[in-house]
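Morning, everyone. I have one structure to walk through, and I'll keep it quick.

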Amino acid sequence: MAAASPRLAARYFVKILILKPSSLGDVVQALPVLRLLKRHLPASEIYWWIDSNLAPLLEGDPDLTGVVRFERRRWAAPRHWGETWHRVRWLREQAFDWVIDLQCLMRSGIFAWLANGKRSIGLDEPREGARGFYDHIVQRPSPLTHAVDWYLRVLPVLGVPVAGDFDWLPPRPTAAESVRRKWPVNGARWLVLQPGARWPNKRWPAEAYAELVRLLAPANPGLRFAILGSEEERSLGEVIARVDPARCLDLTGRLSLPEMIEWIRLSELMVTNDTGPMHVAAALGRPVFALFGPTEPRRTGPYRQLDHVVQLRLPCVPCLKPRCAYVKPLECLRALSPSAVFDAVQQRLSAS
């Protein structure tokens with residue numbers, strides 16, 4: 001399909017399946033593809049294949065016709081093959097015009113092929129050889145091209161312009177009301193802290209976050225601190241909250257995914273490791289101060305806020321590995337002093 005005029009595009013019907021099951025940050029970074037598809041092809045029907053744990057992120061989304069849940073832990077087990085084949089048959093019956101694979105690993109490539117769309121497109125991701133399943137392969141312009149910009153490169157191949165404003169993460173009134181009903185959010189300035197991350201070597205120490213709170217609290221009398229994280233990260237939240245129980249609200253393990261998004265939306269600033277909620281904050285346009293260690297912010301940092309990333313230049317950085325092998329373990333984050341982070345965060349708070 002060549003690029004259509006706005007008047008023709010409004011009438012053009014395309015049935016689309018987007019494959020991007022995980023992780024939280026990756027799905028959030030892929031959302032501009034959905035927004036621009038729907039903006040330029042408003043008559044289209046768009047479905048999204050997503051890990052069931054992340055489905056609440058997209059359920060009820062105004063630009064989606066449906067969410068296809070992927071039960072990651074079940075799909076490969078022989079006792080669940082019947083269920084998996086039933087889901088595949090349903091996908092094939094939809095007769096998708098376009099299947100867009102933004103995960104581009106073997107599993108998603110197989111699903112793209114099984115969905116049997118009229119046209120399939122995927123990224124040039126060499127790790128698992130999924131490229132063989134696509135009709136069109138979109139290359140990354142350079143190793144440092146940001147993930148968001150790489151995902152968006154699928155659109156011109158389909159004749160869809162990469163232009164126009166959109167609401168990256170539309171408000172969830174029900175979740176926002178739930179947040180206000182459960183916690184005293186009104187009338188306070190909130191700084192959100194995200195001390196966890198999937199890789200342990202992405203985590204600035206919880207004790208460093210605690211020291212940051214000790215420094216920020218007296219300098220900002222009206223500021224309160226909301227600590228985000230999963231149930232598995234509750235110990236990190238406890239270390240930080242003990243610094244000032246009256247002004248720290250430990251929310252680790254207590255929020256649904258939509259509630260977490262609304263907490264970030266109402267915040268004044270987020271201090272975070274390289275993790276999914278960081279990308280939520282960037283998508284919401286909230287100021288982010290991001291602490292990076294083993295990963296490359298130019299590829300996966302907070303979109304359009306890379307000037308607010310702090311990363312030490314050690315010989316091993318970025319190693320892009322989930323385990324530290326440096327002679328001084330975890331030095332890339334442990335050497336970031338709370339006082340230096342305080343100075344930078346305080347400057348951002350003063351400017352807001």
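Let's start with a helix pair. Helix α2 passes α11 in a left-handed crossing. Keep in mind that this is a predicted model. The axes of α2 and α11 come within 7 Å. Their crossing angle is roughly 20°. Angles under 35 degrees count as roughly parallel, so α2 and α11 are roughly parallel to each other.

Which residues make that contact? On the α2 side they are L24, G25, V28 and Q29. On the α11 side they are G276, P277, H279, V280 and A283. By class, the contact of α2 with α11 has 5 nonpolar residues, 4 polar ones and no charged ones.

Now the other partner of α11 on my list. Helix α10 covers residues 257-265, and α11 covers residues 276-284. Here the axes come within 9 Å and cross at roughly 55°. That angle makes α10 oblique to α11. What is the hand of the α10 and α11 crossing? It is right-handed.

The α10 residues in this contact are M260, I261, I264 and R265. From α11 come P277, V280, A281 and L284. The classes here are 7 nonpolar, no polar and 1 charged. Note P277 on α11: it is listed in the contact with α10, and it is also listed in the contact with α2. V280 is in the α10 contact as well, and in the α2 contact too.

On to the core. In soluble globular proteins, nonpolar side chains tend to be buried together. How many residues does the largest nonpolar core have here? It has 80. The residues with the most contacts inside that core are L37 and W48. The largest share of this core comes from helix α2, residues 24-40, which supplies 9 residues.

Take L37 as the example. Set aside its neighbours within four places in sequence. What does L37 still touch? The list is I16, I18, S44, I46, W98, I100, L155 and V160.

Next, a buried histidine. H146 sits in the loop between β6, residues 136-138, and α5, residues 147-152. Is H146 buried or exposed? Its relative accessibility is 6%, so H146 counts as buried. Leave out residues up to four places away in sequence, and H146 touches Q29, R140, P297, R298, R299, T300, G301 and Y303.

For contrast, look at N53. N53 is in the loop between β2, residues 45-51, and β3, residues 66-70. It is exposed, with a relative accessible area of 62%. One distance to go with that. N53 and T252 are 199 residues apart along the chain, and their C-alpha atoms are separated by 17 Å.

Now some backbone checks, beginning with the cis peptides. P318 is in the loop between β12, residues 309-311, and α13, residues 331-334. Then there is a cis bond from S22 to S23, with omega near -10°. S23 lies in the loop between β1, residues 15-19, and α2.

Positive phi next. A95 is a residue other than glycine, yet its phi is near 50°. Its place is the loop between α3, residues 81-93, and β4, residues 98-101. A95 is partly exposed, at 43% relative accessible area.

N116 is not a glycine either, and its phi is positive, about 60°. This value comes just after α4. The loop in question runs between α4, residues 106-115, and β5, residues 119-123. N116 is partly exposed, with a relative accessible area of 48%. Which residues of α4 itself are buried? They are S108, G109, F111, A112, L114 and A115.

To recap the helix pairs: α2 and α11 are roughly parallel, while α10 is oblique to α11. That's my list. Over to you.

Technical notes:
Residues numbered from 1 in each chain as written. Predicted model: local features only at pLDDT ≥ 70, side-chain atom pairs only at ≥ 80, totals over all residues. Heavy atoms only, no water. Core = buried A, V, L, I, M, F, W, Y, C linked by side-chain atoms within 4.5 Å. Buried < 20%, exposed > 50% of the residue type's maximum accessible area, 1.4 Å probe, protein only. Helix = DSSP H or I, 4+ residues; strand = E, 2+ residues; numbered from the N terminus. Contact = heavy atoms within 4.5 Å. Axes fitted to C-alpha atoms, helices over the stretch in contact; angles between N-to-C directions. Parallel < 35°, antiparallel > 145°, perpendicular 65-115°, else oblique. Left-handed = near helix turned anticlockwise from the far one by under 90°. Nonpolar A, V, L, I, M, F, W, Y, C, P; charged D, E, K, R; others polar.
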